[in-house]
Amino acid sequence: MKISRLAGVAALLAAGFAQAQTPTVKIDGLLMEFWATQMMDSNLRLNTTAAAGASKYYGLDSRFQENGFAVKRAEIYMSGTVTDTISWNVMFDPNNSNTTAVPNAVLQDFVMTWAPIKGFALKAGQFKMPTTYEATMVAAREILFFERNQINRKFGDARDRGIWASYAYGDPKGFQGKLNVAISNGTTDDGSGGKNNENTLAGSGNAQKDYTFRFEGGYGSAHKFGFYYREGVTGLKDSTLVTATVPATWTVGAPTPAQIKDNKDKTTLQGIYYAFKNDTWQASAEYATGLLGRRYPTLFTAAAAPLREHLDQKFAGYVVDGAYKMGSHWITARYDVLNYNSGDDWYTATSPYKTATADYSPKYTEITVGYNYVFIPTKQAAGKLKLDFVKRSDNFLTPRAGQTGEQGGNSIVASIMLSY
């Protein structure tokens, strides 16, 4: 009898252990988003998209240069467990295309997670680094507008490969905190979206890495706040930097090739954010600044315009957005500013951004007002219709014949998003 009882207990324990260790695989969801864009004037299609006398800082999406339809997202999410403490998740988007410049574009997230104790997790793989708020903490299915704001599009949206450790603590109904530290290749911080093992630029192969820190705070479910910092250097070999060509237009305090090498295209990103959400109101604000660094490398040919105008050229931007919710009907608005030369630094005799008739200083403003029809008000991630009017500052298009002064262009974007 004792033997049979012991055998039964052993069998139950073995069954429980086997159940806990059985690997799982599941499809977590799909996200589909479809765009229709309408130009409000012909500048976006007919004008040159790079302002004369200045680098093309404003990244005008080609989808805004014609009226038409586009598949924005077709994301598929999968996850699974290996043991009670080891899990994985992937996300890929068949809508993207792999190219030489942007390899591995279809595969977006590839993450392996080890969580041995409560609150602590160690991730390895390919993911967005813990930096800007909207790009890394707000899922694509939950953003209020047709696209993310300028800070997040440029500095937070690209994936990188590395490891990420986090520790979370606190009371879900009171104060909560989370510390994040990450080390990564640092080769996607130019916003190109490339997810290769190392930089694909000529002369690449350096062994330097990026270091990222973020603190996430919260109070209850309504308030979120935090700050972040990321630092890295060039993706190029020192031997390549030594041969950098100093542009002939740099005549005032121009750096030497040795100084370019010492600068190493150092790049930084630091910012703060706050977000509030309840059943009626939703709002967020974010400010970020740092060195442009390798995002616009200091390598030139004799005929090329400088990619940045100063070794220590700084950027700064801020955004404020919000929504007023009336059941399924949401009214949204966003004010979005990004200045790619906030210190107004250059080595030329006069401003490289100004002509006799226009000022193309790389400070860009986007004002967006919109309307969302949310299919399930208590679950905005399930799907919504979005209609947005985007007013852009007029300083990023070269005038065509018959025009004078800086030019820009506004858009209306309608989108439908479905997910489960």
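A: We may begin with salt bridges. A salt bridge is a side-chain nitrogen of Lys or Arg within 4 Å of a carboxyl oxygen of Asp or Glu. The model shown is predicted, and it holds 17 salt bridges.

Q: How far apart are the closest N and O atoms of Asp 28 and Lys 26?

A: The closest N and O atoms of this pair are 3.8 Å apart, so the pair falls within the 4 Å limit and forms a salt bridge. Asp 28 has 38% relative accessibility and therefore counts as partly exposed, that class lying between the limits of 20% and 50%.

Q: Which parts of the chain does the salt bridge between Arg 73 and Glu 147 tie together?

A: The side chains of Arg 73 and Glu 147 meet with an N to O distance of 3.4 Å. Because Arg 73 lies in strand S2 (residues 68-81) and Glu 147 in the loop between helix H3 (133-137) and helix H4 (150-155), the pair ties together parts that are 74 residues apart in sequence. Arg 73 is buried, with a relative accessible area of 6%, and Glu 147 is buried at 10%. Both residues also belong to a network of salt bridges that links Glu 33, Lys 72, Arg 73, Glu 75, Glu 147 and Lys 386.

Q: Are Arg 294 and Asp 210 buried or exposed?

A: Both residues are buried. Their side chains meet in a salt bridge at 2.7 Å, N to O. This pair links distant parts of the chain, 84 residues apart: Arg 294 is in the loop between strand S11 (281-291) and strand S12 (314-326), whereas Asp 210 is in strand S8 (residues 210-219).

Q: What share of the contacts in the protein chain joins residues at least 24 apart?

A: Among contacts between residues at least 6 apart in sequence, that share is 68%. The chain has 6 helices and 16 strands, and buried residues make up 45% of its 420 residues.

Q: Which residues touch the most other members of the largest nonpolar core?

A: In soluble globular proteins, nonpolar side chains tend to be buried together. Here the largest such core has 39 residues, and Leu 44, Tyr 57, Phe 64, Phe 146, Phe 155, Tyr 340 and Phe 396 touch the most other members. Among the elements that each supply at least two residues of this core are strand S1 (24-39), H4 and strand S10 (267-277). The largest share, 3 residues, comes from S10. A second, separate core of 7 residues includes Leu 236, Leu 241, Ile 260 and Tyr 347.

Q: What is the volume of the second largest pocket, and which residues lie nearest its centre?

A: Rolling a probe the size of a water molecule over the atoms shows where empty space is left. The volume of this pocket is about 330 Å³. Of its 23 lining residues, Tyr 133, Val 138, Ala 275, Lys 277 and Gln 282 lie nearest the centre. S11 gives the largest share of the lining, 5 residues.

Q: Where does Lys 264 lie, and what is its phi?

A: Most residues other than glycine have a negative phi. Lys 264, in the loop between helix H6 (257-263) and S10, has a positive phi near 55 degrees. Asp 344 is not a glycine either, and its phi is positive at about 55 degrees; Asp 344 lies in the loop between S13 and S14. Lys 264 is partly exposed, with a relative accessible area of 22%, and Asp 344 is partly exposed at 49%.

Definitions and conventions
Residues numbered from 1 in each chain as written. Predicted model: local features only at pLDDT ≥ 70, side-chain atom pairs only at ≥ 80, totals over all residues. Heavy atoms only, no water. Buried < 20%, exposed > 50% of the residue type's maximum accessible area, 1.4 Å probe, protein only. Helix = DSSP H or I, 4+ residues; strand = E, 2+ residues; numbered from the N terminus. Contact = heavy atoms within 4.5 Å. Core = buried A, V, L, I, M, F, W, Y, C linked by side-chain atoms within 4.5 Å. 1 Å grid on protein atoms, 1.4 Å probe; cavity = no way out; pocket = protein on both sides within 12 Å on 5 of 7 lines; lining within 4 Å. Points joined across faces, edges and corners; volume = space filled by probe spheres on them.
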